[in-house]
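Subject: Handing over a structure, with notes on its aromatic rings

Dear colleague,

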Amino acid sequence: MNQIESPPSPNVTSTLEEQAQTVSDCCENCGHETLSRFEVEKGNCFLVCPQCLLYQKREQPPLEHYESNYHTTYASRRNYKILTALTRLGALTKYLDVDHPKMLDVGCSIGATVEAAVRLGWDAHGVDVSKTAVQYCVDQGLQCQPIDGLRLPFEDNSFDVVTSWHVIEHVEDVKATLAEWYRVVKPGGILVLETPDSQCWKARRLGTEYKHFWPFDHLYTFTRSNMCSFLETAGFEVLPSRVLGKLNSVPLHVTAYALAYRSYRKLYRTLGWCKSIEVCARKV
């Protein structure tokens with residue numbers, strides 16, 4: 001049978017099963033016992049669940065991949081990223097009961113989210129597998145430290161907020177990672193993450209031709225539904241999508257940017273053009 005040519009959409013799972021080479025393995029999310037191969041390029045493929053549409057089980061690259069020049073382009077756009085982070089954190093205050101929350105950014109990279117949180121008066125910390133990126137953050141006076149795997153160097157129930165932007169698709173084990181993040185969030189605290197959406201219009205239309213969407217260091221690709229399922233299994237309560245939050249929580253000069261950013265995100269989500277999903281969840 002031929003290998004699948006493009007990512008499935010929810011209404012073509014029967015086509016997926018017919019066209020793809022099936023593999024006897026279990027889905028990490030729903031436990032479905034027959035997965036299908038999705039070959040992005042020769043020798044580099046996901047296994048796809050025809051039931052919950054989770055792309056999974058790719059081989060993890062060495063941690064050294066995240067050193068060298070991986071963060072260079074981020075540093076060149078740092079000021080823009082800080083503005084975006086201020087907007088994201090400002091919206092998040094809708095769900096917070098404390099004025100100066102303690103926050104951890106997992107995968108802090110060059111520290112844009114950590115610095116934005118500091119500017120808002122939060123007690124902000126960051127971790128990353130890249131020692132180069134962490135050193136950059138430390139040089140900026142930020143509280144960041146390197147990690148070399150799953151375990152976070154913090155006590156249980158340490159943080160009011162844990163953020164993670166485009167990290168969960170890189171991890172070796174989603175359930176174990178979410179369990180560790182759950183451990184360090186305080187009861188009633190918030191986890192917010194963003195990750196690429198395999199059901200976005202462009203990915204479904206272009207399939208494997210959309211090369212930028214399927215980099216080799218993405219070990220998973222999610223839908224909103226299966227990402228929410230993972231979070232609920234980990235013990236989180238998924239919260240409604242954030243729209244505006246509290247605009248007075250961000251500096252006045254950021255308000256116009258925040259309004260434009262959130263309006264753009266809402267429009268793109270409504271039209272199905274947004275390439276990523278953002279999910280906010282509370283520890284219960």
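Two rings of Phe, Tyr or Trp are said to pair if their centres lie within 6.5 Å, the six-membered ring being the one used for Trp. Please bear in mind that this is a predicted model.

With that rule, the count comes to 11 aromatic pairs. One of them joins Phe 38 and Tyr 55 in an edge-to-face arrangement, with 5.3 Å from centre to centre and 90° between the planes. This pair links distant parts of the chain, since Phe 38 belongs to strand β2 (residues 34–41) and Tyr 55 to strand β4 (residues 55–56), 17 residues apart. Phe 38 counts as buried because its relative accessibility is 0%, and Tyr 55 is likewise buried, with a relative accessible area of 0%.

Another pair, Tyr 220 with Phe 222, is stacked, and here the centres are 5.8 Å apart with 15° between the planes. Tyr 220 has 1% relative accessibility and therefore counts as buried, while Phe 222, at 0%, counts as buried too.

Ring pairs also build a cluster, which is made up of Phe 38, Phe 46, Tyr 55, Tyr 210, Phe 213 and Trp 214. Elsewhere, Lys 102 lies over the face of Phe 159, at 5.2 Å from the ring centre.

Definitions and conventions. Residues numbered from 1 in each chain as written. Predicted model: local features only at pLDDT ≥ 70, side-chain atom pairs only at ≥ 80, totals over all residues. Heavy atoms only, no water. Phe/Tyr/Trp six-rings, centres within 6.5 Å; stacked < 30°, edge-to-face > 60°. Helix = DSSP H or I, 4+ residues; strand = E, 2+ residues; numbered from the N terminus. Buried < 20%, exposed > 50% of the residue type's maximum accessible area, 1.4 Å probe, protein only. Lys NZ or Arg CZ within 6 Å of the ring centre and 35° of its normal.
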